[in-house]
Amino acid sequence: MPSRKKAPPGMYTAREAIAVIGIPSTNFYSLVGEGTLKKIVLPDRKEGYYSKAEVDNYARNLKALQQPYTTEKLHFGLALNEDIPAIHALTASVSGGEAHAVPEEVLRAWIRKNPQSVHILRKGTEIVGYMSAFSLPEATLDLRLRGRLLNRTIPVDDIVSFTPNTTLSLYVAEMAVKHADAFIKNNEPDPDKPDPVARLLGARLIREATRFINGLKKQGTIINEVYAVGTSPFGIRMCRDIGMTPIDLPEGVRSDRVPFKIDLRQSNQSVIVRRLRTV
C-alpha cells in the first residue's frame, strides 16, 4: 500500500503547499474552497493533494503582486511568542493602559494551550491588528459573560483545542487595531473622533476572522455561536456594528461592560454572517 504521508510525484500535501505559498492555513483552504487551487483525491486514498505546477505558479504570481507593495501589504496569521510584547503594547494602547490588557504570560499560555487562539494583522514588520479567540466549556463561558472571570483569570486548562468533527462556540477574548495618537483619548479610541484608518484595519480583521471560522469548518470544526464582552465604548460599539446581540445577563451588564452573542446559523444581516456566505 502506498505511503499516505508522502505526496505522489508532481504533487504537494496540504502542509507542503501552505509552506510553498507562505500563507495561513485558513487562507489556503479558502483558496481551495473557492476553486482557485484544486484539491486532488487519488483512487484508494482519502487525503487531498495539490499539483506542484499549480501551487508553484500561484506562489510566483502572489510574490510578483506583493513585491511592489512589500511595506504596505497586510498579512494575517498566527502569532508567535516573539510577537507577544508587541501584541500587549498594542492592546494596552487602545484599552485603557497596561492594567486592562491581558498580561504577556497569559497570552503565551493561551498559545501553548491552543496555538490557533492568537492571530495578528501585520503591516511590514509592525503589528497593526490582533485577535484572540478560543472555545470554552459552557460553565466557564457563563462565568466570563457574567463578569465572574476576567480574561486574565480564565483557567488555561479550560481552553479547548479546535479538533475535527466537533461543534464548538467561539469566545473572542480580545480584538484590537492600531489607532493614530490623534484619535486616542485616555488610552482608548476617542468615541467622538473615529480613526478612518483604524476602521479599515478593523474591517480587515473582521474579514480575516470570518476566513478563520470558515477554515475551521473546512477542517471539520463547526462554529455555530460567537461570544464577546465589550468592555469599552469602542468595543461595545464595535460589537453592535458587526451585528452582535447583547445578552440578557443583568449581573454581567454595566454601562462600560456588555456581553454579546451572535448565532451564525441565523439568517440575519450581521457583517460576520454575510461575510461567511461569501468567503
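Helices (H or I, at least four residues) and strands (E, at least two) are DSSP runs, numbered from the N terminus. This is a predicted model, in which local features need pLDDT of at least 70 and side-chain atom pairs count only at pLDDT 80 or more, while totals for chains, interfaces and linings use all residues. Residues are numbered from 1 along each chain as its sequence is written, and side-chain values use heavy atoms, with hydrogens and water left out.

**Ile 21**
- Helix H1 (residues 14–21) contains Ile 21.
- Ile 21 has a relative accessible area of 9%, so it is buried (under 20%; exposed is over 50%, partly exposed in between; 1.4 Å probe, protein chains only).
- Beyond four places in sequence, Ile 21 touches Phe 28, Leu 37, Val 55, Tyr 58, Ala 59 and Leu 62 (contact means heavy atoms within 4.5 Å).
- Pro 191 lies 170 residues from Ile 21 along the chain, and their C-alpha atoms are separated by 40 Å.

**Ser 232**
- Ser 232 sits in the loop between strand S9 (221–230) and helix H8 (233–241).
- Its relative accessibility is 12%, so Ser 232 counts as buried.
- Leaving aside neighbours within four places in sequence, Ser 232 is in contact with Glu 188 and Asp 256.

**Helices H4 and H5**
- H4 (residues 84–94) and H5 (residues 104–113) pack at about 125°, with axes 9 Å apart (axes are lines fitted to C-alpha atoms, for helices over the stretch in contact; angles run from 0 to 180 degrees between N-to-C directions).
- Ile 84, Pro 85, Ile 87 and His 88 in H4 meet Glu 104, Leu 107, Arg 108 and Ile 111 in H5.
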